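Here is a short briefing on one protein model. Please look at the structure first, then read the points below.

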Amino acid sequence: MPVGDSTNQIPAVVTDELVMFPGMMAPLSLDREEDMAAVDEALVQSRMVLACARMPGADEDSSPGNEDIYRFGTTCQVLKKIAVPDGSQRVLLQGTQRGSVKRWVQTEPYFLAEVEIIEPPVEEGEEDNELEALQRHVLGQFQRVVELSQIPEEAYLTAMNVDTGGKLADVVAANMNLPVSSRQLILETTDPKERLREVSEMIQSEIAVLELRDKLRTEARGEMERAQRQFYLRQQLDAIKKELGEGNEQEQELNELRESIEKSAMPEEAERAALREIDRLSRMAPASAEYSVGRTWIDWLIRYPWATTTDDDIDLEQAQEVLDEDHYDLEKIKERIVEYLAVMQLNPGQQGPILCFVGPPGVGKTSLGMSIARALGRKFVRMSLGGMRDEAEIRGHRRTYIGALPGRIVQGMCQAESNNPVFMLDEVDKIGMDFRGDPASALLEVLDPAQNDSFRDLYLDVDVDLSKVMFVTTANVLDPIPSALRDRMEVLQLSGYTLNEKVAIAHRHLIPQQMEEHGLPSSSLRWRKTGLEALISGYTRESGVRNLDRQVASVCRKRARLYVAGEHGPVSVMPDRIGEWLGPAKFTQETVARHKTPGVVAGLAWTPTGGEVLFVEGALITPGKGLTLTGSLGDVMKESARAAMTCVRTRAEKLDLDATALGESELHIHVPEGSIPKDGPSAGITMAVAIASLLSGRPARHNVAMTGEITLQGRVLRIGGLKEKVLAASRAGIKTVLLPKENEADLEDVPEDVREKLEFIPIEWIDEAAEVALSGRRRSAAKKKSSGGKKSAGKKKSKTK
């Protein structure tokens, strides 16, 4: 950087929001005592001052001694000074040269700086092609800025007459609307080429901003002009139509709305509100936003099926045929539905209970609602409540909000075009709640027969009658449903399907549907029972049939590929063919391998997706002390483990066990599949028998599973979900099930084919469970038999200890 040798002491003034450049002339207002004293001193001496800019955001009271004031400025000649009555001064400065502050000589009564004058480098002019190109480029950019902004054209003319690149950069920077930091950067750049490059980059950014601003202004001006033009054209069109006697289009539209309101047969309250809104619209401009909001509201009122009713076609025999055609088994559920329809036929005006189908996924809850609608001849509407957190989804949004709509209940009624559809509320157990309200509480009014004849949607703001609607709900579990909402519903439990039931469902429904969807002739696949059983047991383990449907589709895809390749002959679906097409089986019966060592016992658990076989493993660690529990166990299950440990100690003598090991070693109980949370009291007897097996050294029988809550004295208490647990035992290949004696009557709900395949032993004490599970001696047990169409649970012959 070329510099001169001259160093002078010059009074300094601090400028705010202004950076002086050499050759630049600018007025300056001075209101600080130090600045005015500096100018006075300059007028007495050489009329020269140093103008230094204050950094952006710096304190106004900053002195030149800190870092808030730039140390690089411009020496300026004071051309004129004017005193103002308020005590301040106005001065006219003209920049001469760049200067760098070497040190501050004094700060009172004015700022005096030792300044090193920066001499401008000598430019080669026309011989330097790069410099010439930069000058022309910057000049062209500056011309574009002048065209887009309010910079006077004289500034561009001044720039054109500049003879050097450095001066051109200074002139452009002085006339541009740049921040202080950018101007200071240009001032401190002494090399002309580098200075032009910096100025070019800043101009390019400014051009982009100015062009965008110009575009936005043009678009806004165009919108305003278009709106005004449309307004004038409408006025002219109305005048022309009036002359021709054709009337006003808006008036015709409102008259049509009045006719639609009369035809809709809406209640008197709704009709008055609608006509009042039409009168209000007649005084509005159709182009206004409020007009469209009111018009949309009236459309929803007219669209609602106030008086449109579907005639019920109640025929109990036909209803039974429809249910049997759509669903296999589920006899109790279908019987309850037919009873419901029978009451409707005897008393059409009576509102029946709200049916709630509860069961694992894939057992046919939603399709039951569709079958009810088909049996009645009614419209069917389904609304999923899963994940719903906003109360407005039920009650609707108030019209004051932008984009307001009716609630999904009213939308569903409009979709059905009937005021008595079968309305299914799916996944009622998965409703959420947050700051926007509680949708479950809003459903209380919808499902309450005493209130839903005057349900008020916040958007419509009139009462609508939901008493004719047949509401049906579904859920996987009951626990998440609020008690007040659960109280308004009649719960019908749907358990999982057995192997034989899944085979029948696949033959009747899944296979024909998938064959049709894949375009396969019915003769191209011959489904053998052994192959279908292998598919169900080896590739699916679920209570419902959704995954089975996917596996059947996979088989159909494999056959479709072969069929397209030219193999049109029939193919038998056997177990070996299933393994060839679908790969190794995903599920195997692992009970035998689990029971080779003492301390491993199979238990039965209930989950929202059906029953499961749960293995409990125990181990003694010496030396050690206490109880360790692993496997993502819940608090209730941990308490069951502690109770089981105490129970074994108290019954050690009757169990013929040496319980001293429990005091000398650490007992570790683990339930595999640790990533899955587990909880509940029904694993108590399983843990107790596992501890007994560990202490006695006798492994449990591999084909025995058990369930029941244990007490400290060794009594086995009643549990829930027995049917789902028994079905899980059947799927896993279990042969003997130990269950609490109090649950013996619940075996009535277990399918007959499962009762005939399994042995059920009711127990009251842990001694009985240990004797059956560990001794290897089979106790007398009752097989489930069918007697005169009535299912009865057998009685245990042996006495209870």
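**Briefing**

Trp104 is buried, with a relative accessible area of 16%; buried means under 20%, exposed over 50%, and partly exposed in between, with a 1.4 Å probe and protein chains only. This is a predicted model: local features need pLDDT of at least 70, side-chain atom pairs count only at pLDDT 80 or more, and totals for chains, interfaces and linings use all residues. Residues are numbered from 1 along each chain as its sequence is written, and side-chain values use heavy atoms, with hydrogens and water left out.

**Aromatic rings**

- Three aromatic pairs turn up in a search of the whole structure. Rings of Phe, Tyr and Trp (its six-membered ring) pair if their centres lie within 6.5 Å; planes under 30 degrees apart count as stacked, over 60 as edge-to-face and the rest as tilted.
- One of the pairs is Trp104 with Phe111: the ring centres are 6.4 Å apart and the planes stand at 65°, so this pair is edge-to-face.
- Phe111 is buried too, at 7% relative accessibility.
- Phe423 and Phe471 make a tilted pair, with 5.6 Å centre to centre and 40° between the planes.
- That pair links distant parts of the chain: Phe423 lies in strand 9 (residues 422–426) and Phe471 in strand 12 (residues 470–475), 48 residues apart. Helices (H or I, at least four residues) and strands (E, at least two) are DSSP runs, numbered from the N terminus.
- Phe423 and Phe471 are both buried.
- Arg399 places its charged end over the ring of Trp297, 4.2 Å from the ring centre. A charge sits over a ring if NZ of Lys or CZ of Arg is within 6 Å of the ring centre and within 35 degrees of the ring normal.

**Overall build**

- The protein contains 27 helices and 26 strands.
- Its radius of gyration is 45 Å, whereas a compact globule of 801 residues would have one near 28 Å. The radius is taken over C-alpha atoms, and the globule rule is 2.2 Å times the number of residues to the power 0.38.
- The C-alpha trace spans about 130 × 100 × 65 Å along the principal axes.
- Of the 801 residues, 48% are buried.
- Take the contacts between residues at least 6 apart in sequence: 72% of them join residues at least 24 apart. Contact means heavy atoms within 4.5 Å.

**Cysteines**

- How many disulfides does a search of the whole structure find? The search finds zero, where a disulfide is a pair of cysteine sulfur atoms within 2.5 Å.
- Cys414 is buried at 2% relative accessibility.
- Cys647 is buried at 0%.

**Backbone details**

- Glu108 and Pro109 are joined by a cis peptide bond, with omega about -5°.
- Pro109 sits in the loop between strand 5 (89–106) and strand 6 (111–118).
- Arg47 is not a glycine, yet its phi is positive, about 65°. Arg47 belongs to the loop between helix 1 (33–44) and strand 3 (48–53). Its relative accessible area is 31%, so Arg47 is partly exposed.
- Asp329 is not a glycine either, and has a positive phi of about 65°. The loop between helix 10 (316–326) and helix 11 (331–346) holds Asp329. Asp329 is partly exposed, at 27% relative accessibility.
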